[in-house]
Amino acid sequence: MIAPLTARQLAAAVPRSHRIKDAAAVLAGLNDVIATTKLETTRGVAALLAQLGHESASFRYLEELADGLAYEPHTRIGKRLGNTHPGDGPRYKGRGWIQLTGRRNYSLAGAALGLPLEAQPELAATIENAARVAAWHWNTNGCTPLADAGHFEALTRRINGGTNGLEDRIERYKRALGALERTTT
């Protein structure tokens, strides 16, 4: 088992981490995610920080900045996300560190975590639930073996459904890996 992430490591690994609101709660949540996902390598933890850091703009945002209209039921992506009613796009837009998106995903995550996320999607936008949802998504999609093995593009596809922001994710990974290697030795 890898040692808990420290505030110093987080500051070194995550760009603009000095802007993180409630940094102590974010750090505690990240350590919960690391433990729950059973990451066992520095490379795996760096991949987690890179992916979640990209999705949440360095843990600064718990809700997607876009309005969610691109996910409406009449769109291809809205249908794929299980959005069925007008207004589902904005209602089930990305929230949390992993940017949980779509009625189907809110329903699945909520059922697995014992949270009423489909009825109250805004619950995914708290630090505690962002951590729980991230760990659920990571585990449900088999991300730990990919992260620990360094299969970063395949990991990105599991997190994002594609390779959106791959360059930024890779840069974040390199920074996090270097920072973790420097601070754990």
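Hi everyone, let me start with a definition: helices (H or I, at least four residues) and strands (E, at least two) are DSSP runs, numbered from the N terminus.

Some background before we go on. This is a predicted model, where local features need pLDDT of at least 70, side-chain atom pairs count only at pLDDT 80 or more, and totals for chains, interfaces and linings use all residues. Residues are numbered from 1 along each chain as its sequence is written, and side-chain values use heavy atoms, with hydrogens and water left out.

Let's stay with Gly-68. Is Gly-68 buried or exposed? Gly-68 is buried, with a relative accessible area of 2%; buried means under 20% relative accessible area, exposed over 50%, and partly exposed in between, using a 1.4 Å probe and protein chains only. Leaving aside neighbours within four places in sequence, Gly-68 is in contact (heavy atoms within 4.5 Å) with Gly-89, Pro-90 and Lys-93. The C-alpha atoms of Gly-68 and Gly-89 are separated by 4.7 Å, although the two residues are 21 apart along the chain.

That brings us to Lys-93, in the loop between α5 (88–91) and α6. Lys-93 counts as buried too, at 10% relative accessibility. What does the side chain of Lys-93 reach? It reaches the backbone oxygen of Ala-66 at 2.9 Å. A polar contact, by the way, is a pair of N or O atoms within 3.5 Å; within protein, one must be able to donate a hydrogen and the other to accept it, and residues adjacent in sequence count only if both atoms are side-chain atoms. Beyond four places in sequence, Lys-93 also touches Glu-63, Glu-64, Tyr-71 and Tyr-106, among others.

Now to the core. A nonpolar core is a set of buried Ala, Val, Leu, Ile, Met, Phe, Trp, Tyr and Cys residues joined through side-chain atoms within 4.5 Å. In soluble globular proteins, nonpolar side chains tend to be buried together. Here the largest such core has 49 residues, and those with the most contacts inside it are Leu-30, Leu-49, Phe-59, Trp-97 and Leu-155. Elements giving two or more residues to this core include α1 (7–13), α2 (23–37), α3 (42–55) and α10 (166–183). Which helix gives the largest share? That is α7, with eight residues.

Phe-59 sits in the loop between α3 and α4 (76–80) and is buried, at 3% relative accessible area. Most residues other than glycine have a negative phi. Phe-59, however, has a positive phi of about 65°. Asp-22 has one as well, about 55°, but Asp-22 is partly exposed at 46%, in the loop between α1 and α2.

Back to Glu-55, in helix α3. Glu-55 counts as buried at 13% relative accessibility, and a polar contact of 2.6 Å joins its side chain to that of Arg-169.

Finally, Asp-148 in helix α8. Asp-148 is buried yet has no salt bridge, meaning a side-chain nitrogen of Lys or Arg within 4 Å of a carboxyl oxygen of Asp or Glu. Lys and Arg count as positive and Asp and Glu as negative, while His and the chain ends are not counted. On that basis, the nearest side chain of opposite charge is Arg-43, 6.6 Å away.
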